Amino acid sequence: MDAHAITSEEYDEIPELTDAMLERADFYSGDRFVRRGPPDMAPGMADGPDTIRLLPDVAAHFRAQGPGWQARVNAVLMEAVERERGETPR
């Protein structure tokens, strides 16, 4: 396939991007969709999430597993809570 050089006349056919258009656009990092805004709150978090401090090695371990590391930390902690309560883990 031959490459096509875009001429200045063809640029006139392309609409100018507006702020409103960019706000509606999806954002991808590589082929991974990136959500915008604060994360959805899990049930029971109506007051908002609490902040905890993790040891650097713990945080590094979960971060090394990629996006969603905070949800994985929360899942591990929830399993521990359910074990202590004698509940069947989800």
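Visitor: What do the buried residues of H4 pack against?

Guide: They pack against H3. Keep in mind as we go that this is a predicted model.

Visitor: Which residues of H4 are buried?

Guide: Trp 69, Val 73 and Glu 82 are buried in that helix.

Visitor: Why does the span of H4 agree with what its 17 residues should give?

Guide: H4 covers residues 69-85, and at 1.5 Å a residue it should span 24 Å. The C-alpha atoms at its ends are 25 Å apart, so the two values agree.

Visitor: And what follows H4?

Guide: Gly 86 does, and its phi is positive, near 80°.

Visitor: Let's zoom out. How many helices and strands does the chain have?

Guide: There are four helices and two strands. Reading from the N terminus, the order is α-α-β-β-α-α.

Visitor: How much of the chain is buried?

Guide: Of its 90 residues, 7% count as buried. The accessible surface is about 8,700 Å², with 55% of that belonging to carbon and sulfur atoms.

Visitor: Which residues make the nonpolar surface patch?

Guide: Ile 52, Leu 54, Leu 55, Val 58 and Leu 77 make it, and the patch comes to about 430 Å².

Visitor: Take Leu 55 from that list. Where is it, and is it buried or exposed?

Guide: Leu 55 sits in the loop between strand E2 (32-34) and helix H3 (56-63). Leu 55 counts as exposed because its relative accessibility is 62%, and the cut-off for exposed is over 50%.

Visitor: Now the strands. What is Tyr 28 in contact with, leaving aside its neighbours within four places in sequence?

Guide: Tyr 28 is in contact with Phe 33 and Val 34. Tyr 28 itself is found in strand E1, residues 27-29.

Visitor: What about side-chain polar contacts? Which residue does Gln 65 pair with?

Guide: The side chain of Gln 65 makes a polar contact of 2.9 Å with that of Arg 72. Gln 65 is in the loop between H3 and H4, and at 41% relative accessibility Gln 65 counts as partly exposed.

Notes:
Residues are numbered from 1 along each chain as its sequence is written. This is a predicted model: local features need pLDDT of at least 70, side-chain atom pairs count only at pLDDT 80 or more; totals for chains, interfaces and linings use all residues. Side-chain values use heavy atoms; hydrogens and water are left out. Buried means under 20% relative accessible area, exposed over 50%, partly exposed in between (1.4 Å probe, protein chains only). Accessible areas come from the Shrake-Rupley method with a 1.4 Å probe; for residues, only the protein chains shown count as cover. Patches are made of residues with over 30% relative accessible area and no salt bridge: like charges are joined within 9 Å, nonpolar side chains (Val, Leu, Ile, Met, Phe, Trp, Tyr) within 5 Å. A salt bridge is a side-chain nitrogen of Lys or Arg within 4 Å of a carboxyl oxygen of Asp or Glu. The expected span of a helix is 1.5 Å times one less than its number of residues. Contact means heavy atoms within 4.5 Å. A polar contact is a pair of N or O atoms within 3.5 Å; within protein, one must be able to donate a hydrogen and the other to accept it, and residues adjacent in sequence count only if both atoms are side-chain atoms.
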